[in-house]
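Please read it alongside the sequence and the coordinates.

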Amino acid sequence: MTRRWYRSLLARTTLIILGTAGLAGLIFVFITFQVTTALSEERSGTRMSQLLDTMESSVRTACYVGDRGLSKDIALGLLKNNDVAAVKILAGERILAEETRPGWLSSKANGKEATPLHRTMLSPFDKTEIVGEIILTPNPEEIRAQVSRNTWFIITLLGIQLLVVAAAVLASVLLLVSRPIKKLSDRLHHMDPTRGDVLLPPPGREQDEIGRLVDDINALAAKFLDSLHHEQAARKRIESGEQALAETEARYRTIFESASDAIFIMREGLFVDCNESTLQIFGCRRSDIIGYPPETFFPHTQPDGSLSAELAMARMAAAYAGEPQFFEWQHCRLDGTPFAAEVKLKRIHLQEGIFLQAIVRDITARKRAERLLEQAKEEAEKTTAAKSEFLANMSHEIRTPMNAIIGMTELCLNTSLAPRQKNYLTKIRRASESLLRIINDILDFSKIEAGKLDLERVPFSLVTVLDNLGALFSARAQAKGMEIVFDVEPSLTQTFLGDPLRLEQICINLMDNALKFSDQGNVILAIRPQTPGRQDLLLRFTVQDQGIGLRPEAQARLFSAFSQADSSTTRRYGGTGLGLAICKRLVEMMGGRIWVESSPGLGSSFHFTARLGREATNGSSTARMVAKLAPHALRPVLVVDDNPVALAVATAQLRQLGLTAAPHETGQAALDEAAQADAPDYLFALVDLRMPGLNGLETLGRLRSLLPAPYPLCLMTAFSQDEALLGLEAPESGFDALISKPTTPIHLFNAIAPLLGLEEETLPKTSSPGLDPAKLIRLCGAEVLLVEDVDLNQEVMRDMLETVGIRVRVANNGQEALYAVRESRPDCVLMDCQMPVMDGFEASRRLRALPEHADLPIVALTANALAGDRAECLAAGMNAHIAKPVRSSELFSILSHWIKPGKNSDLPRTPPPSAALPALPGIDTEAGLAQAGDNPELYRRLLASFRDEYLTRFEASFEAALGRRDWEVALHLAHSMKGITRSLGASRFGDLADELQTAAKTRDPREAANALSACRPEITRLLATLAQL
Amino acid sequence: MSSAWRWISLSEAAMNLLRKLFQRAFLLPLALLPPALARADMVVIVAPQCEAASLTRREVINIFMGRFRFLPSGQAAKPYDLPAGDPRKERFYLALTGKQLSDIDAYWARLIFTGNTAPPDEAASAEAMVEKIARSPHAIGYIERSQADKRVRIIFEPER
């Protein structure tokens, strides 16, 4: 490396300093020159002015007189001064003297003439008169000489200063910077960082810039060393990596080539690379594809009709934009055969730039399979729909004849029959009813399977459900010598939200099974609250029996449809095998589950849970009852029952009422305890009637005689005949209240409350009691339009309606019904739903569209349990709904609700009685006949119905109500009896019923029992009288 | 350096100003002395046959101080002085120009030594003056009013 001398730091520093200083000096000298020149000119002018002052009087004189001699003398004198170059003296226009310095003219030629000094001369004698002028020209030579003198002096001074400063700077640069750097440089030349050499700063220079430079160099060297190591390591890695890369590439190439999907890479719309599968799928050679655009393998249009090229462009653009595309695509092979494919487009970054990777899968086979599957699915759905349709039709087709069978049987039973005929007909009715139940089960199941069963959500009370269950099964249980026990947590008296009918259906099913499969023991229905939710409560129901039980393998398939425990039981016990399957679905719809615990020979426990909504209640009635009983809570209750389960339940129910029980299994044990001296003061005694050994009555009698001040003694009985047997003797036989089993806490409470002087709890409304003959009479004379297309059904319905004196008009379809209504408005329309020409829904809608028929009662008759939905009927504007086959009781109950009374007055007189009534002592037949529209046949039927439905049951029902202290029911019974007997002309009994009603109003059990006793002879007499009908 | 020089020139200018102020303070009162203070009236006389009827003071001064030696009419004029040491000469010049005789003498001295102009010729006495004037129509001189007679004509009265 060659180095020029002027490149060295020292030389450059010198040059810079000298140059800068020299330039500054030049500028300084120039400024000095200018200033000096200006100053010299000024001083020269001043000096000339002063010179003139001294010569002024002489000049004035010379000018005044105009004397040339004097003027010349003066001029020459002035020129002796170096500052003056020329003098000119004038008197007016006249030149008196003009003198110049020798050699001055040449300098004048330079053009550098200084400003001349003019001075006007006044007369020496008159200061106002101008007599002449003198002009002095300054001498530029003199000024220049002065300036150059001054300038040279300053230049000299500056030059010396410059030299001194430059020398000082150079010396310091040499000493402080240049030499150390040179030394460092020499050392650096011999330094090898890889050996770990370190540069040392010159001594004493550790802290200054040189020191820092050395530190930095060392740091840099270290860094350099570091990166050198890194680089070496990286190179090693790369070398080993390259080999691995080659292997990897080969591996991926193999994967790429052997993939079953076509994989290819495109760039700028052209194929760049592809694998073997691509060639197979597209049916081409590599040379057919590389370099060609993908359009080569598109049909002109896609299956949906859009242009392939446009769609493909859009997809590829989106993929290029970084959005991976996945779509189905119609490709075609090189030979033009199309095939369906699934395409994945993705942008990939390779070393050469951005590519588009496409993976194409031939999905022809899959498409075919999908199509087949779709077809199969459609067919299956079609089949299912057809099945549902078939079931709906079947329902209709089966119910229509069933309607005729049951209706006709019922009608037939209402006629006078020989006992044998009556027996046969009763059996026919029972058989058809069970057939109907089976059909209903099947339809229910179909509905559930079709997802068409909707649960209601209405407020209801468990007590109502239990009452219905008790009424339904107690007779059967009694017939088998078994007992039904309700073991219900007393806190469950509140109102729930749910579907009580479906809940009842489940319980009926389970209890029906329990009764069916056991011959002894109890059937216990236990209800327990499970986890309470915010809005709802999970209840667990358990139906327990002591029947034949189930084998484990039978349990497993118990809840599946169409299955039963085994074929032998099917034969022995009958049944469709659908009941439990329906229960299972219903329970599941109620948000619960159903299961069974059983062992053969030891009975079964069926459990199910159901989630019921909680309705806001104004306090629990249990809490109220407990509060009312609180003052008596200290006294125990004596409970005697031979049935341990019933005993436990009674004990539990008492405990739930806040009372303690002293349970005994035999009357003797209870008597023994009561006889002891320290026997507790019982609050009351609760004794079962039927017990081995001492029965309930005997026990109570002995207890009464044993005690000096007897507490209330209550008799419990599960058997209604017992009530009938004991009824009259109640006051004498020594018990204060009769309680019918199964008991519930509220019934228990209501039975004992009057005895303790407490107010009774109101019972939740029970379902409507049986048909009220008083209402039947109200129906008499009403006009009903029957819209029904089937002749048989027309006949059944017409007869059924006419039995209660309803006038029937018939329309064969909806169209006819519209004409009929327009002709004259009936009191009610019974509308079949499925009819030719115009169906019931349409007819109802058209009727409702007419303002004058907006309030016309329309009751739907539906035979189609699947489609004939109650909601659909209501939506069409109908008021109520009766399912076929029609039961007369249901029909009349609904009709009496919708037909307004007051039609009897304009009853058309019927022809005279065709069949004379037999003599009926104690009955005013004339009045009764008038009430029945002078229709003796109807009157006869009404009387027979009154006898069968009312009179025979009245006493027992009333006593039962009394036993439960159910005053409302008692009042209702008495009231309706009064109404019906008076309507039928049995006014004597009507008066008695009136008294009975009055007695019931007092709510005094004894008085009511007395009034009932008064009725008894009349009842017996009436029964005897009416027996001949 | 330049400022130092500027300071010097400024001080010089200030000194000049001061000097001028001094001159004014001393010279002005002298110049303003009223000519009425002179006791005896001096008059300028010419021969009666002289062409000029009257002369202004400037014309008189111009003639006596050697500027012009002729009358306004163009006729030559020859002034005469009283002898040096005659107090009337001093009074005359003082009345005419307001200057002391020494000043007048200095004035003439400059012209006499280097110039071409000469002072008026001297008459031996006031009487001689009168005579010379009476004789020549070009002659012009000055006397006391009391000395003027019919031979001469008063052409200018410097003290009026």
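Buried here means under 20% relative accessible area, exposed means over 50%, and partly exposed lies in between, with a 1.4 Å probe and protein chains only. The model is predicted, so local features need pLDDT of at least 70 and side-chain atom pairs count only at pLDDT 80 or more, while totals for chains, interfaces and linings use all residues. Residues are numbered from 1 along each chain as its sequence is written, chains are lettered from A and ligands numbered from 1 in the order in which they are written, and side-chain values use heavy atoms, with hydrogens and water left out.

Helices (H or I, at least four residues) and strands (E, at least two) are DSSP runs, numbered from the N terminus. Two strands pair if DSSP finds at least two bridges between them. In a regular strand the side chains alternate between the two faces of the sheet.

Strand β24 of chain A, residues 828-832, is mostly covered, five of its five residues being buried. From β24(A), A:C828, A:L830 and A:D832 point one way, A:V829 and A:M831 point the other way, and all are buried. Strand β22 of chain A, residues 783-787, is also mostly covered, with five of its five residues buried. In β22(A), A:E783, A:L785 and A:V787 point one way and A:V784 and A:L786 the other, and all are buried.

| Strand pair (chain A) | Sense | Bridges |
|---|---|---|
| β22 (783-787) and β24 | parallel | four bridges |
| β24 and β25 (858-862) | parallel | four bridges |
| β22 and β23 (807-811) | parallel | five bridges |

A:L786 stands opposite A:L830 in β24(A). The bridge partner of A:M831 is A:A860 in β25(A), and that of A:L785 is A:R809 in β23(A).

**Two open antiparallel sheets**

Strands of a sheet pair through backbone hydrogen bonds, either parallel or antiparallel. An open sheet of four strands in chain A has the order β2-β1-β4-β3, with antiparallel pairing. Its edges are β2 (94-100) and β3 (117-122) of chain A; each has a single partner strand, so one side of each is left without a neighbour in the sheet. The twist averages 15° from one strand to the next, where axes are lines fitted to C-alpha atoms, for helices over the stretch in contact, and angles run from 0 to 180 degrees between N-to-C directions.

Six bridges join β3(A) to β4 of chain A, residues 130-138, and the two run antiparallel. A:H118 has A:I135 in β4(A) as its bridge partner. A:L117 also lies in strand β3 of chain A, and A:L117 is partly exposed, with a relative accessible area of 22%. A:L117 and A:P138 are 21 residues apart in sequence and 7.6 Å apart in space, C-alpha to C-alpha.

An open sheet of five strands in chain A has the order β6-β5-β9-β8-β7, again with antiparallel pairing. At its edges stand β6 (270-274) and β7 of chain A, each with a single partner strand, so one side of each has no neighbour in the sheet. Neighbouring strands of this sheet are turned by 35° against each other on average, direction ignored. β7(A) and β8(A) pair over eight bridges in the antiparallel sense, and A:F326 has A:K344 in β8(A) as its bridge partner.

**Cavities**

On a 1 Å grid over the protein atoms alone, a cavity is a set of points where a 1.4 Å probe fits but cannot get out, and lining residues have an atom within 4 Å of a point. Grid points are joined across faces, edges and corners, and a volume is the space filled by probe spheres set on the points.

The whole structure has four cavities of 30 Å³ or more. The largest cavity has a volume of about 130 Å³. It is lined by 16 residues, of which A:P294, A:F298, A:H331, A:V343 and A:L345 are the closest to its centre. At least two lining residues come from each of β5 (262-267), α8 (308-320), β7 (325-332) and β8 (338-350) of chain A.

**Cysteines**

A disulfide is a pair of cysteine sulfur atoms within 2.5 Å. The structure holds zero disulfides over all chains. The sulfur of A:C284 is 6.8 Å from the closest cysteine sulfur, in A:C274, too far for a bond. A:C284 is buried, with a relative accessible area of 10%.

How values were computed:
On a 1 Å grid over the protein atoms alone, a cavity is a set of points where a 1.4 Å probe fits but cannot get out, and a pocket is an open set with protein on both sides within 12 Å along at least five of seven lines; lining residues have an atom within 4 Å of a point.
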